[in-house]
Protein chains: 2
Amino acid sequence: MTSTALCEQFGIDFPLFAFSHCRDVVAAVTNAGGFGVLGATAYSPDQLDQELAWIDEAVGGKPYGVDLIVPAKFEGKGEKLSGSDLAGRIPQAYRDLVDDLLRAHDIEPEPNRRLGGSSLSGNTGRELLDVALTHPVKLIANALGVPPDYMIEAGKERGIPVAALVGAKEHAIKQAAAGVDLIVAQGTEAGGHCGEVSTLVVVPEVLEALASLGDNTPVLAAGGIVTGRQMAGMVAMGAAGAWTGSVWLTTEEAETAPHTVAKMLAASSRDTVRSAGRTGKPSRQLVSDWTNAWAPAKEGHQPLGLPLQSMLCEPVIRRIDVLASQGHEGAQALATYFVGQGVGLMNKVKPAREVVREFIEDYVAAAERLSSSLPG
Amino acid sequence: MTSTALCEQFGIDFPLFAFSHCRDVVAAVTNAGGFGVLGATAYSPDQLDQELAWIDEAVGGKPYGVDLIVPAKFEGKGEKLSGSDLAGRIPQAYRDLVDDLLRAHDIEPEPNRRLGGSSLSGNTGRELLDVALTHPVKLIANALGVPPDYMIEAGKERGIPVAALVGAKEHAIKQAAAGVDLIVAQGTEAGGHCGEVSTLVVVPEVLEALASLGDNTPVLAAGGIVTGRQMAGMVAMGAAGAWTGSVWLTTEEAETAPHTVAKMLAASSRDTVRSAGRTGKPSRQLVSDWTNAWAPAKEGHQPLGLPLQSMLCEPVIRRIDVLASQGHEGAQALATYFVGQGVGLMNKVKPAREVVREFIEDYVAAAERLSSSLPG
């Protein structure tokens, strides 16, 4: 549909990249002419293998990618700590705080506290990458910080482009120097981990910084993009395409829990908050009694670092989600979900292929609108 | 240069609106084919009269506007309080806090504390409007909240469009219902008072909300826009043009103090913060030891409300600026200034007419870039 260099490079019709934890969304977007990217971090290596085998079957050779999270900085890095060593660094006061929050919402804390895994500590990233490389993936993305050397080397060896998400021009410069093939410049309005600078500013800032170094690494725009007109605006500014995530959460294919979908459809763009209260690093999510318990809410507590906060919180948040699905009111008040400010524009459940079709139509209409603002 | 309905309505060549406190910038932008808007709030009625007379002479009939700040909510509203009544509501602890901050930066607090005026309380807004109406202004803008009835009525009587700045779709709906002629949808990346939602999200959200009500009030995009490519992106998304402010602060004509210009040219987009520590309402400004003394910095103090915080702080900030201009290091560390995240893209002092020319060129190039992404 569009004829850009990026489309040629990736063998796609439309430079719309769709991040999703759900294989059905990944396959639907790829089959509709975009590029699906499976968020792999929550899977075990065996599960990931099964998911990718399913996608291989569903897309019949069309291109898709995987996204891993291997952060550069985390609590205990380089100390060879076991999970229980890390667990010992979670103060009792924080455990109590979470228990009190649950009780205040009519949820009895579990007698034997389970802690989440420290997958964000980078120990499992390499295994997941190895599994992905046994499938015909056409992109490897790293969602947090500079990709580790082994990821960049594995990509170069096999001719698979490596992408990295950045929230500031300084990070883009570092990533390009590290040999990344595609930069996703993501604004503060994005769901999940995000920086402070808006998409409208960080995209041209990154493009300008790279150009001044003579670096022509393509840059995708990310953060808040849920329509074709926003994507068109970003391409007008020099982006090679768009990287999206939130918009797929309310598609028919997504496995988003019904109470979460309901919250998202009702939410305005002001119903999200950037808070470190879930993983220890600032991430954008739906406002709820959970996010209100942590800074930056007034009287909110300072979260622990990465991965301690997520080890403490993830099992509890999953339990909250289960209870919320069952109609538990306290749990529904606590339930949250990573989503960007674009949630304010997500007002209807649609099939993923329909979202791609609407993106394309809206993109073309936006290009015509801009052209027609010029004389003659 | 562009042929939009808005250009016809306002008698301009290019739908670029430039907010500035400096008459020279206003005249230069208007004379270059854009639309200059003088920020009038800091002037006394007599001063404003002189400034507008100067502009009338400089633009020879070309269109320009004025911007007032008349907020809907403020401390003491409707209570008919005098300045000294309001002053009594500033706690001693806050006075001490400011004095301690000064001493920590080698500045001795003045023995007799001066407090700023409560112009933000709305008492002087009407007088300034009356003065503006004796000049051939072609736009009256209200920067904070729904314009008071007398402003909208005065505009309707004289056929002068009234504009209002909004940071959320709910506010846009209210403003349109109140009879505003032009809506400026401003993102969180903007300098000065701003909301939480990014420009990329709030602009389409406002457009969609108005369209769903059958309301076709034109919407300008604002917040972070310092280049023609960003403006083009916003027009592609459906905006009627751009409202800008920060980019004019580093023009040759601006009266920005040299130490502030130096800070801005060196700043990246991450060197601003949205804080209520200056006026009592969240506003974006350069990070400094002053902004770090107030929330949302860790350990930052909760600011007072509007206008108490600005009554307490403005005289001190002006004194800091004077000392900073004289090279006082402590004052330079404290000095701050309202500016948006676009400051990261402002790297050179230029004449205002040159900024307009570059905007136009960059806008046209962006439109061509987007067109060329479509096939054939």
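How many bridges join strand β7 of chain B to strand β11 of chain B, and in which sense do the two strands run? In this predicted model, two bridges join β7 (residues 192–193) of chain B to β11 (residues 283–286) of chain B, and the strands run antiparallel. Within this pairing, B:G192 lies opposite B:R284 of β11(B). Strand β11(B) also pairs with strand β10 (residues 272–275) of chain B, again in the antiparallel sense, and here the pairing extends over four bridges. The bridge partner of B:R274 in β11(B) is B:R284, the residue that also stands opposite B:G192.

In chain A, the corresponding strands are described as an open sheet of three strands, in the order β7-β11-β10, with antiparallel pairing. Strands β7 (192–193) and β10 (272–275) of chain A stand at the edges of this sheet, and because each has a single partner strand, one side of each is left without a neighbour in the sheet. Strand β10(A) is joined to β11 (residues 283–286) of chain A by four bridges, the two strands running antiparallel, and A:V273 is placed opposite A:Q285 in β11(A). In general, the strands of a sheet pair through backbone hydrogen bonds, and they may do so in either a parallel or an antiparallel manner.

The arrangement of the two chains was examined next. Chain A can be laid on chain B with an RMSD of 0.0 Å by a turn of 180°, together with a shift of 0.0 Å along the axis. The two copies are thus related as by a two-fold rotation axis. In chain A, the C-alpha nearest to this axis belongs to A:G233, at a distance of 1.8 Å from the axis.

Where the chains meet, 50 residues of chain A are in contact with 51 residues of chain B. Of the interface residues of chain A, 100% are also interface residues in chain B, so the copies meet through the same surface. The size of an interface is often expressed as the accessible area that is lost when the parts come together. Between them, chain A and chain B bury about 4200 Å², with 60% of this area on carbon and sulfur atoms. Three residues, A:L200, A:R270 and A:L370, supply 16% of the area that chain A buries against chain B, which is more than any other three residues supply.

Two salt bridges are counted between chain A and chain B, and in a salt bridge between the chains the side chains of A:E170 and B:R270 meet at 3.2 Å, N to O. On the side of chain A that touches chain B, at least two residues are supplied by each of the helices α8 (169–178), α9 (199–212), α10 (228–236) and α15 (352–371). The residues of this side comprise 20 nonpolar, 21 polar and nine charged ones.

Several features of the backbone lie in loops. A cis peptide bond, with omega about 15°, joins A:A295 and A:P296, and A:P296 is placed in the loop between α12 (289–292) and α13 (308–325) of chain A. In chain B, a cis peptide bond with omega about 0° joins B:L306 and B:P307, and B:P307 is placed in the loop between α12 (289–292) and α13 (308–325) of that chain. Finally, A:D106, a residue other than glycine, has a positive phi near 60°, and A:D106 is found in the loop between α5 (92–103) and α6 (125–132) of chain A.

Definitions and conventions:
Residues numbered from 1 in each chain as written. Chains lettered and ligands numbered in written order. Predicted model: local features only at pLDDT ≥ 70, side-chain atom pairs only at ≥ 80, totals over all residues. Heavy atoms only, no water. Least-squares fit on C-alpha atoms with pLDDT ≥ 70 in both. Contact = heavy atoms within 4.5 Å. Buried area = accessible area lost by both parts, 1.4 Å probe. Salt bridge = Lys/Arg side-chain N within 4 Å of Asp/Glu carboxyl O. Nonpolar A, V, L, I, M, F, W, Y, C, P; charged D, E, K, R; others polar. Pairing = 2+ DSSP bridges.
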